[in-house]
Amino acid sequence: MASANATYGQKESSDQNFDYMFKILIIGNSSVGKTSFLFRYADDSFTPAFVSTVGIDFKVKTIYRNDKRIKLQIWTHVPLKKSTQIKTYSWDNAQVLLVGNKCDMEDERLVASDRGRQLSEQLGFEHFEVSAKDNINVKQTFERLVDIICERMSESLDNNDPAVTGNKQGPQLTEQPQRSHQDCAC
């Protein structure tokens, strides 16, 4: 499962060269391929040898959407306690996709594709079947998540939503002067 929150206009001092920063968490059970999914997207690499991840994997990737530079901080191997905190503290703002990895291993499938789609419909999430090994739908999944965040950000700016903009008096996306919502779609 991939979940993401956006940081609007809050730039880290070590890298000032982006318009937006989105923090993406990849959450899932052991051995489902979270690290492979991350490395396939961030580095376009795949290692067939199984190595259990100890600690947290972290990658940064910068992409462009509608002339905006978006920095993605992608984290994996989030312990259950952390995922509970994510749900508690940011669930309302988190954009979530349900991702089934290893679709290339049809004969060894633990969750039927139909069951994944059914679950995603029940939860109200979009569903993707991916393979980090064969590079199926990996990029498309991340791109869709970014698009969902951008759509949500645009809607929130249209509604002047302080929960997303962090400003009770109106939207401020960056340290630059305020712009109308037509100019700030990512």
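**Figure 1. Helices and strands of the protein chain.** The protein chain has five helices and six strands. The model is predicted. Starting at the N terminus, the order of the elements is β-β-α-β-β-α-β-α-β-α-α. Of the 186 residues in the protein chain, 39% are buried. Among contacts between residues at least 6 apart in sequence, 60% join residues at least 24 apart.

**Figure 2. The hairpin of strands S3 and S4.** Strand S3 covers residues 58-65 and strand S4 covers residues 68-75. The two strands run antiparallel and are joined by eight bridges. Most residues other than glycine have a negative phi. Asp 67 is exposed, with a relative accessible area of 79%.

**Figure 3. Lys 102 in the loop between S5 and H3.** Lys 102 is a residue other than glycine with a positive phi, near 65 degrees. Its relative accessibility is 35%, so Lys 102 counts as partly exposed. The cut-offs behind this label are under 20% for buried and over 50% for exposed, with partly exposed in between.

Figure 4. Helix H3 spans residues 113-123, and its buried residues are Ser 113, Gly 116 and Ser 120. Seen down the axis of H3, these buried residues fall within an arc of 60 degrees, so they line one face of the helix. An α-helix has 3.6 residues a turn, so residues three or four places apart point the same way. The buried residues of H3 pack against strand S5 (95-100) and strand S6 (126-129). On the other side of H3, the residues Asp 114, Glu 121 and Gln 122 are exposed. After H3 comes Gly 124, which has a positive phi near 80 degrees.

**Figure 5. The second largest pocket and its lining.** The volume of the second largest pocket is about 620 Å³. It is lined by 25 residues, and the closest to its centre are Gly 33, Ser 36, Ala 49, Phe 50 and Val 51. Sorted by class, the lining consists of nine nonpolar, 12 polar and four charged residues.

Notes. Residues numbered from 1 in each chain as written. Predicted model: local features only at pLDDT ≥ 70, side-chain atom pairs only at ≥ 80, totals over all residues. Heavy atoms only, no water. 1 Å grid on protein atoms, 1.4 Å probe; cavity = no way out; pocket = protein on both sides within 12 Å on 5 of 7 lines; lining within 4 Å. Points joined across faces, edges and corners; volume = space filled by probe spheres on them. Nonpolar A, V, L, I, M, F, W, Y, C, P; charged D, E, K, R; others polar. Buried < 20%, exposed > 50% of the residue type's maximum accessible area, 1.4 Å probe, protein only. Helix = DSSP H or I, 4+ residues; strand = E, 2+ residues; numbered from the N terminus. Arc of directions from axis to C-beta. Contact = heavy atoms within 4.5 Å. Pairing = 2+ DSSP bridges.
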